[in-house]
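Please read the following report alongside the sequence and the model.

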Amino acid sequence: MAALTGIEPKNLWRIFEGLCSVPHPSKKEEKIIAYIEKWADSNGFEHEKDEVGNLVVRKPATKGMENRLPVCIQGHVDMVCVKNSDTEFDFDIQGIQPYIDGTWVKARGTTLGADNGIGVAMGMAVMESNDMPHPDIELLCTLDEETGLTGAVGLSPNLLRAKVLINLDSEEWGHFTIGCAGGANAHGSFKYEAKPVCNCESDCKNYKLTVKGLRGGHSGIEIHEDRANAVKLMTRLIYEAMEKFDICMTSIDGGDKHNAIPHECFAVVGVKPENEADFKAFVVKFFADAKAEYTKREPGMLIMAEPCPTPARCMTKEFQTRFIKSLFAVPHGVYHWSPDIPGFPQTSVNCAIVKTEADTIEILTSQRSSLESEKNDISNKVKVILELGGATASIGDGYPSWPPNADSHILSIGKEVYKGIYGKDAVIEAIHAGLECGLVGEKYPGMDMISFGPNLEEVHTANERVDIPSTEKCFHLVGELLKNIPLK
C-alpha cells in the first residue's frame with residue numbers, strides 16, 4: 001500500500017495503514033484481531049483474549065520503571081462502515097483506501113476508520129517503540145464499540161492488570177475528556193401491510209424520492225449542530241405529500257448506523273396521473289424550502305423525484321398513514337440542554353435507521369444522556385410513539401455514563417505535562433458521545449481514567465478525516481504521560 005509514507009511518526013502511520021488494509025466492520029472483527037495477534041507474536045508480546053474476544057497485549061516495563069503503576073492504553077478495533085451511494089465498496093472483504101490530502105488523512109468514498117483505528121495504531125506504535133520509557137503497559141483492543149459497546153459490556157473483570165487507563169477514542173486535540181453520556185437504542189418493527197391487489201401500473205405514476213448530500217455526522221459529537229437528518233426530511237416530505245395528494249407508498253430506506261446522523265434516504269411512491277405535474281412541482285418547492293431552512297449547514301443537500309419502474313406492492317392506506325405519522329412524530333436532535341454547561345446537550349435522540357424488509361419496516365433510534373433518568377424517559381417516549389403507530393417496540397440495555405472525577409491523578413499529571421509542553425492549559429470536559437470508560441470503570445472499580453486523541457472530523461461519514469500534525473502531538477503526549485506515571 002504505502003500511501004501514507006513521508007508523514008510522522010512513520011511507524012504509527014505504517015501501522016495505521018496496515019490496520020486499514022484489514023476489513024474490520026462492527027461484529028466482524030475476527031480478521032483484525034488475528035492481524036493484531038500476529039503482530040504481537042512477531043514482537044514477542046504476551047497476549048490474551050477474554051470470552052467475548054476482547055484482546056489485551058502486554059509489554060513489561062522498561063528498566064527503572066518497574067515500580068510505577070501499570071497502564072492500559074485502550075481503543076476499539078471496529079469501525080462505522082458508511083460509503084457514498086456512488087461508491088462500490090464491500091466493507092466485509094475490502095480494505096480501506098487511505099490517502100493524504102494536505103494535512104489530513106482521508107479515505108476514498110468511505111469512512112476512514114480513524115475512529116478508532118488511529119487510537120489502536122497509536123497504542124501499537126507505543127509498544128513497538130524502543131526509546132519510550134514506560135511502566136508495565138497493556139494495549140486493550142475492544143470489539144463492537146460502534147453498535148452498542150458490546151465488547152466493553154462483556155469485558156472480563158480479570159483481563160486487565162493496569163491501574164491507569166488511557167483511552168484514545170476522543171476526537172479533539174488539546175481536550176482531556178473525563179466523563180461522557182450514557183446511551184440506549186430503541187427499536188420498532190412495523191408489520192408491512194400491503195394491498196391485496198396492487199394497481200400501481202395502471203393507476204399510478206411511480207417515483208423514487210431521494211434525499212442525499214447531507215453532512216450526516218456522529219450523533220454524539222454533532223447532534224447539537226442541528227444538521228439535517230435525511231430520514232426525518234424524507235418522512236416530512238411524504239407526510240406533507242400525503243396531505244395534498246393521493247400517495248401510494250411502497251418503501252423507505254435511510255441511515256445505516258445507530259450512531260450516525262442519516263445523510264441519505266430513499267423512498268418509492270406512486271401518484272395519480274392527474275396529480276403528476278403538481279406532485280413534481282411540490283417536490284421542487286419542498287427542496288427549496290429545506291435549502292432555505294438549512295442554508296449554510298447543508299450546502300450539498302439534494303432532494304428530487306425521478307420516475308421509476310412499477311413496484312410489486314404498495315402499502316394499504318391505513319398502514320401507510322399510521323406508519324408515516326408515527327415516524328414523523330419520532331423526535332430527533334437535542335431533547336434537553338445542560339443547565340450547567342451552556343450549549344452542551346444533556347439528552348438527545350438520533351432517528352438513525354429506517355429499513356423496508358420483506359415483511360416488516362424496521363426503525364432504530366439512539367438516545368444519549370448524562371442522566372440515567374432522562375435517558376430512560378426519552379427512550380420510553382420513543383417506544384410509546386412507535387407502539388402507537390402499531391409497531392412492536394423495545395429498548396436495548398444500553399451503556400452507563402462515565403461520571404467525571406475532578407480528583408483523578410492521571411488528569412492532574414496530564415494537565416501538568418500538557419502545559420509543560422505547549423505552554424497553555426488543556427481543555428477539560430465531559431462529552432455527549434459515548435465512551436467505553438464507563439463500562440471499564442464498572443468492571444474495574446478505582447481505575448483512574450482519561451481520554452484524549454487527535455483532531456478527527458466528519459466521523460461516521462464518508463468524509464471522515466484525521467489530522468496529521470495533531471496525531472504526532474498526541475503520540476508524543478502519550479509518551480510523556482507514560483514517563484510520569486506515579487509510583488505504585
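## Basis of the values

The model is predicted, so local features need pLDDT of at least 70 and side-chain atom pairs count only at pLDDT 80 or more, while totals for chains, interfaces and linings use all residues. Residues are numbered from 1 along each chain as its sequence is written, and side-chain values use heavy atoms, with hydrogens and water left out.

Helices (H or I, at least four residues) and strands (E, at least two) are DSSP runs numbered from the N terminus.

## An open sheet and the helix across it

An open sheet is formed by 4 strands in the order β4-β5-β21-β20, with antiparallel pairing; two strands pair if DSSP finds at least two bridges between them. The edge strands, each pairing on one side only, are β4 (98-101) and β20 (456-457). Strand β5 (residues 104-107) is joined to strand β21 (residues 465-467) by 3 bridges, and Lys106 has Arg465 in β21 as its bridge partner.

Helix α12 (residues 468-483) lies across β4, β5 and β21 and runs at about 60 degrees to β21. Axes here are lines fitted to C-alpha atoms, for helices over the stretch in contact, and angles run from 0 to 180 degrees between N-to-C directions.

## Nonpolar cores

A nonpolar core is a set of buried Ala, Val, Leu, Ile, Met, Phe, Trp, Tyr and Cys residues joined through side-chain atoms within 4.5 Å, where buried means under 20% relative accessible area, exposed over 50% and partly exposed in between (1.4 Å probe, protein chains only). The largest such core has 67 residues, and those with the most contacts inside it include Trp13, Phe16, Val105 and Ile118. Helix α3 (residues 114-128) supplies the largest share of this core, 9 residues. A second, separate core has 49 residues, among them Leu233, Leu237, Ile238 and Met301.

Thr210 is found in strand β10 (residues 205-212) and is buried, with a relative accessible area of 3%. Neighbours within four places in sequence aside, Thr210 is in contact (heavy atoms within 4.5 Å) with residues including Met234, Cys265, Phe266 and Leu302.

## Two helix pairs

Helix α1 (residues 10-20) and α3 pack with their axes 8 Å apart, at an angle of about 130 degrees. The two helices α1 and α3 are therefore oblique to each other, given that angles under 35 degrees count as roughly parallel, over 145 as roughly antiparallel, 65 to 115 as roughly perpendicular and the rest as oblique. Residues of α1 that meet α3 include Trp13 and Phe16, and those of α3 that meet α1 include Gly117 and Ile118.

Helix α6 (residues 230-244) and helix α8 (residues 317-329) have axes that come within 9 Å and cross at roughly 135 degrees, and α6 and α8 are therefore also oblique to each other. Among the residues of α6 that meet α8 are Ile238 and Tyr239, and among those of α8 that meet α6 are Ile324 and Phe328.

## A buried hairpin strand

Which strand has 11 of its 12 residues buried? Strand β15 (residues 345-356) does, so β15 is largely enclosed by the rest of the structure.

On one pairing, strand β14 (residues 333-337) and β15 are antiparallel over 4 bridges, with Val349 in β15 as the bridge partner of Gly333. On another, β15 and strand β16 (residues 360-369) are antiparallel over 9 bridges, and Thr356 stands opposite Ile361 in β16. With 3 residues between them, β15 and β16 form a hairpin.
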